[in-house]
Amino acid sequence: GQALAAADNTMNFITVVKAVAVRNGLYADFSPKPLPDESGNGFHINISVQENSGKEVQNAFMAGIMAHIKEITAFLNPTENSYERLGSRKAPKYVSWAHENRTQLIRVPSAINSHKRFEVRSPDPMANPYIAYALLIYAGLHGLEHDLQLCPASDFNVYTAPAEVLNGLKKLPGSLYEAAALAEASAFIRKHLPEAVISAYCQR
């Protein structure tokens with residue numbers, strides 16, 4: 001229910017902003033990289049996971065997302081312009097996470113108890129929020145079901161880190177073609193999305 005409401009709110013926000021812009025003789029551009037030499041438009045998705053038993057579940061949920069993020073990327077970043085944003089001006093390039101670090105795929109802000117959350121920073125506004133939220137939830141649930149272990153935090157700036165450190169990290173897809181190929185070959189994607197949706201996103 002909360003995820004559906006959040007997706008509805010996202011669509012409403014974009015519609016209202018565009019309408020207000022037009023009314024004032026402007027154009028609101030939500031494309032991932034409208035200006036080549038400026039920061040792009042990100043769609044950072046904040047997720048809070050709680051278990052009624054009080055058991056720590058956030059790490060396994062994050063691990064599930066990181067395990068499937070490359071297969072999901074075609075749906076989080078569905079245009080060629082999306083890949084002009086990734087890897088530049090603090091937009092993520094690697095499958096990594098850290099506390100309070102805005103150069104990583106997943107950032108975990110400082111918080112306690114019910115305020116704990118993490119932020120997935122790769123998606124952009126061209127993503128369909130209903131599909132994006134669903135895939136992230138399914139990936140996180142996979143992490144919980146299989147008790148996946150979260151890799152160590154990458155507490156460094158990926159834009160200034162030496163090559164020998166970065167070589168140990170997996171990269172996000174570098175193009176829509178690569179992302180679509182990973183999605184098409186993914187059993188995880190085929191389990192959770194109908195063929196018509198996969199075909200619509202993965203036509204190359």
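## Ground rules

The model is predicted, so local features need pLDDT of at least 70 and side-chain atom pairs count only at pLDDT 80 or more, while totals for chains, interfaces and linings use all residues. Residues are numbered from 1 along each chain as its sequence is written, and side-chain values use heavy atoms, with hydrogens and water left out.

Helices (H or I, at least four residues) and strands (E, at least two) are DSSP runs, numbered from the N terminus.

## The sheet

Strands of a sheet pair through backbone hydrogen bonds, either parallel or antiparallel. Here, two strands count as paired if DSSP finds at least two bridges between them. Four strands build an open sheet in the order 1-4-3-2, with mixed pairing. Strand 1 (45-47) and strand 2 (97-99) are the edge strands, and each pairs on one side only. From one strand to the next, the twist averages 25°.

Look at strand 3 (residues 106-108) and strand 4 (residues 118-120). They pair in the antiparallel sense over two bridges. Arginine 107 has glutamate 119 in strand 4 as its bridge partner.

## A helix pair

Helix 1 (residues 2-23) and helix 4 (residues 129-145) have axes that come within 9 Å and cross at roughly 150°. Axes are lines fitted to C-alpha atoms, for helices over the stretch in contact, and angles run from 0 to 180 degrees between N-to-C directions. Angles under 35 degrees count as roughly parallel, over 145 as roughly antiparallel, 65 to 115 as roughly perpendicular and the rest as oblique. Helix 1 and helix 4 are therefore roughly antiparallel to each other.

Which residues meet? Contact means heavy atoms within 4.5 Å. Helix 1 contributes residues including Ala3, Leu4, Ala7 and Met11. They face a set in helix 4 made up of Pro129, Tyr130, Tyr133 and Ile137.

## Alanine 28

Alanine 28 sits in the loop between helix 1 and strand 1. Its relative accessible area is 14%, so alanine 28 is buried. Buried means under 20% relative accessible area, exposed over 50%, and partly exposed in between (1.4 Å probe, protein chains only).

Alanine 28 and lysine 18 are 10 residues apart in sequence, yet 5.3 Å apart in space, C-alpha to C-alpha. Leaving out residues up to four places away in sequence, alanine 28 touches Val17, Lys18 and Ala21.

## Cysteines

A disulfide is a pair of cysteine sulfur atoms within 2.5 Å. By this rule, the count is zero. Cysteine 151 is partly exposed, at 33% relative accessible area. Cysteine 202 is buried, at 3%.
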